[in-house]
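Hi,

Here is the structure I promised to pass on.

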Amino acid sequence: MATFPSKVNYATGDILTAQNMNDVGGAINLLQSAQFAGAKNKIINGDYGVWQRGTTLATFGYLADRFYGDTNATVTQSRQTFTAGTAPVAGYEGQFFYRMAKSAGGTYASLQQKIEDVRTYAGQTVTLSFYAKIDTGTLSVGTVFEQNFGSGGSTAVYTYGSNVTLTTSWTRFTTTVAIPSITGKTIGTSSFLNIYPFNATTAAAVTFDIWGVQLEAASTASNFQTATGTIQGEIAACQRYYYRTVVTTGSRLGSGYNTSTAGGAWTISFPVSMRTAPSALEVSGTAADYAVLHGNFTVTNCNAVPVFVAGTLVNGSCTATVASGLTAGQGSLLYANNSNAYLGWSAEL
Amino acid sequence: MKYELLETTFDGIKIYARIDDDGLTRVTCTEDNPDYQAWLNPKEVKADGNKAK
């Protein structure tokens with residue numbers, strides 16, 4: 001445990017003794033428990049400030065960066081905005097929170113974040129904290145810590161925290177567990193520690209709201225802060241796992257060349273190195289959102305959406321086709337016909 | 001939602017298309033993609049809901 005600084009206030013002439021250095025009790029202001037200590041929170045985007053994928057999703061999956069909403073019922077996930085002054089933490093004005101509106105039916109609803117590497121917090125005591133509420137009544141939900149040893153690794157180990165009872169008012173919930181040791185386990189590729197702030201077994205229609213998710217190596221919850229403490233840090237941390245281009249009409253999505261008169265290949269650089277080479281490309285689903293800019297500023301619409309070809313840690317490549325009109329071998333740009341166009345590269349766990 | 005083999009690249013990598021219920025393709029991926037693998041091999045063990053320590 002960090003024990004420095006061992007003394008908060010110094011006066012001229014004070015002498016820092018060995019006892020000061022070793023004093024871990026009393027009125028010592030440990031960095032670990034201070035509100036602005038860096039990197040104490042392993043949850044990325046815990047304040048729901050980053051939404052690269054958009055602001056609403058009518059199915060299970062990723063919406064808010066790094067968080068996976070899962071259910072077997074009809075569902076709408078969305079970004080909600082706090083009315084100024086109503087965020088649940090005094091002194092920390094959150095802007096957005098996450099909502100999962102589950103319809104009646106199905107059997108479960110959960111929210112998860114996979115923290116890279118199953119070695120994370122292995123053998124340590126951790127505290128998960130978050131602010132949450134539901135739309136009506138009360139609901140008891142579980143909290144889960146899944147040690148997943150990855151492809152080729154040992155069988156996953158589930159550790160269950162205390163159940164928490166959500167109400168219609170924003171409340172901070174905390175649960176403390178001992179994450180099991182990984183001694184004797186086989187760690188495969190892409191292992192992770194999966195955190196479930198809520199894991200509910202329910203067929204009822206219920207709307208979950210959540211903000212301020214934090215996981216720290218401690219036996220009590222300290223004040224919330226994001227994983228990196230900065231806006232740019234949180235975006236970069238998210239983009240290690242997923243990167244989506246933000247475009248307006250006419251934006252150039254990537255540079256490359258025409259491979260034939262009816263198609264081309266383009267490469268897009270990532271703003272940060274990704275966790276692993278991406279294995280998927282997300283697009284809008286509409287071919288006409290995309291075009292090829294070639295020759296003397298000629299725009300030719302695509303007749304199929306861009307397709308994943310390859311990825312590295314720092315760039316991704318895609319192909320697309322047009323009906324005709326390109327000159328094979330010429331340089332060209334993949335072009336956004338409107339603001340619906342995007343390229344999303346995923347290296348999620 | 002389903003996945004279909006879309007093409008094989010010049011270097012032999014199989015590219016799959018995820019075809020959503022509305023018929024649109026919004027994702028293309030390799031066979032290593034976790035979401036494709038999860039669709040191919042549904043997870044047998046899930047965390048127990050509402051289970052307390």
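**What lines the second largest pocket**

The lining of the second largest pocket splits into 9 nonpolar, 8 polar and 4 charged residues. The classes here are nonpolar for Ala, Val, Leu, Ile, Met, Phe, Trp, Tyr, Cys and Pro, charged for Asp, Glu, Lys and Arg, and polar for the others, Gly among them.

Before I go on, some housekeeping. This is a predicted model, where local features need pLDDT of at least 70 and side-chain atom pairs count only at pLDDT 80 or more, while totals for chains, interfaces and linings use all residues. Residues are numbered from 1 along each chain as its sequence is written, chains are lettered from A and ligands numbered from 1 in the order in which they are written, and side-chain values use heavy atoms, with hydrogens and water left out.

Back to that pocket: its space comes to about 420 Å³. It has 21 lining residues, and A:Asp47, A:Gly49, A:Val50, A:Ile231 and A:Ile235 are the closest to its centre. The element that gives the most to the lining is helix α2 of chain A (residues 231-239), with 4 residues. (Helices, H or I with at least four residues, and strands, E with at least two, are DSSP runs numbered from the N terminus.)

**The cavity**

How many cavities of 30 Å³ or more does a search of the whole structure find? The search gives 1, and the volume of the largest cavity is about 30 Å³. Residues from chains A and B line it: A:Ser346, A:Glu348 and A:Leu349, along with B:Asn33, B:Pro34 and B:Asp35. By class that makes 2 nonpolar, 2 polar and 2 charged.

For the terms: on a 1 Å grid over the protein atoms alone, a cavity is a set of points where a 1.4 Å probe fits but cannot get out, whereas a pocket is an open set with protein on both sides within 12 Å along at least five of seven lines; lining residues have an atom within 4 Å of a point. Grid points are joined across faces, edges and corners, and a volume is the space filled by probe spheres set on the points.

**Strands**

Strand β6 of chain A (residues 108-116) is largely enclosed by the rest of the structure, because 7 of its 9 residues are buried. Buried means under 20% relative accessible area, exposed over 50%, and partly exposed in between (1.4 Å probe, protein chains only). β6(A) pairs antiparallel with strand β3 (residues 68-71) of chain A over 4 bridges, and also antiparallel with strand β12 (residues 192-201) of chain A over 8 bridges. Two strands pair if DSSP finds at least two bridges between them. A:Ala109 is a handy place to look: it is the bridge partner of A:Thr71, and A:Ala200 in β12(A) is a bridge partner of A:Ala109.

There is also an open antiparallel sheet of 6 strands, in the order β14(A)-β23(A)-β17(A)-β3(B)-β2(B)-β1(B). β14 (242-244) of chain A and β1 (2-8) of chain B stand at the edges with a single partner strand each, so one side of each has no neighbour in the sheet. Where do the two chains pair? Strand β17 (residues 280-282) of chain A and strand β3 (residues 25-30) of chain B pair antiparallel over 3 bridges, with A:Leu281 opposite B:Thr28.

**Salt bridges**

Over all chains there are 11 salt bridges, counted when a side-chain nitrogen of Lys or Arg is within 4 Å of a carboxyl oxygen of Asp or Glu. A:Lys133 forms one with A:Asp209, with the closest N and O atoms 2.8 Å apart. A:Lys133 lies in strand β7 (residues 125-134) and A:Asp209 in strand β13 (residues 206-216) of chain A, so the pair ties together parts 76 residues apart in sequence. Both A:Lys133 and A:Asp209 are buried.

In chain B, B:Arg18 and B:Asp20 form a salt bridge, their closest N and O atoms being 2.8 Å apart. B:Arg18 counts as partly exposed at 22% relative accessibility, and B:Asp20 as buried at 13%. Both belong to a network of salt bridges that links B:Arg18, B:Asp20, B:Asp22 and B:Arg26.

Cheers
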